[in-house]
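Below are some notes for a colleague who is meeting this structure for the first time. Please read them with the sequence and the coordinates at hand.

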Amino acid sequence: MEEEILALKQNQTWDLVPKLEGVKPISCKWVYKLKIRPDSKIERYKFDRDIYIDQPQGFTNQQKQNFVCTLKKALYGLKQAPRACYGKIANFLVQSGYHVAPADSSLFVKVQGGKLSVVLVYVDDLIITGDDKQEIQRTGTNLSVRFQIKELG
């Protein structure tokens, strides 16, 4: 848990703010609804309200015990977290010269000098493969600079 809290703090996931009168913070359970267009496509995820949560149990700031957290970023486990994570990784890969495969939006392909590099994204898990070892290494290194990642082999 300490490692998770540290990662949340390093990612500046929330700010501690004084609890406003009439605000009832929620305790680590969020449910969001999708705004659907008439053609049944997703128009957007609803983020039109500030979200307040209680400070994580056992990690209350002793100088600000009556404060609550206001979310600045999606938390892992929230329904919008995978979409937010995918968006950041996708933007990064496109800026790095990868193209989204027409058949699958989670597959990113880069062809350079006749060599192929492929990144498959599932929420916050990635597989990097291909026949261009230098590009695979470069992509992994660049991802680790931009994101907190663990290489599992």
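**Notes on the fold and its cores**

1. In the hairpin that E7 and E8 form, two residues lie between the strands, and Gly113 there takes a positive phi near 60°. E7 and strand E8 (residues 115–122) pair in the antiparallel sense over six bridges, where two strands count as paired if DSSP finds at least two bridges between them. Within this pairing, Gln112 stands opposite Lys115 in E8.

2. This is a predicted model, in which local features need pLDDT of at least 70 and side-chain atom pairs count only at pLDDT 80 or more, while totals for chains, interfaces and linings use all residues. Residues are numbered from 1 along each chain as its sequence is written, and side-chain values use heavy atoms, with hydrogens and water left out.

3. The chain has three helices and nine strands, and from the N terminus on its elements run α-β-β-β-β-β-α-β-β-β-β-α. Helices (H or I, at least four residues) and strands (E, at least two) are DSSP runs, numbered from the N terminus.

4. E7 also takes part in a hairpin with E6, again with two residues between the strands. Strand E6 (residues 99–101) pairs with strand E7 (residues 104–112) in the antiparallel sense over three bridges, and His99 is found opposite Val109 in E7.

5. Three strands form an open antiparallel sheet in the order E1-E5-E4, whose edge strands, E1 (14–18) and E4 (52–53), each pair on one side only. E4 is joined by two bridges to strand E5 (residues 67–71), and Cys69 in E5 is the bridge partner of Ile53.

6. The largest nonpolar core has 10 residues, among them Phe92, Tyr98, Phe108, Val121 and Phe147. Helix H2 (81–95) and E8 are the elements that give two or more residues to this core, and H2 gives the most, with four residues. A second, separate core of five residues includes Trp14, Ile51, Ile53 and Cys69. Here a nonpolar core is a set of buried Ala, Val, Leu, Ile, Met, Phe, Trp, Tyr and Cys residues joined through side-chain atoms within 4.5 Å, and buried means under 20% relative accessible area, with a 1.4 Å probe and protein chains only.

7. Leaving aside residues up to four places away in sequence, Phe108 touches a set of residues that includes Tyr86, Ala90, Leu93, Tyr98, Val119 and Val121, a contact being heavy atoms within 4.5 Å.

8. For the chain as a whole, buried residues make up 26% of the 153 residues. Among contacts between residues at least 6 apart in sequence, 43% join residues at least 24 apart.

Conventions
Buried means under 20% relative accessible area, exposed over 50%, partly exposed in between (1.4 Å probe, protein chains only).
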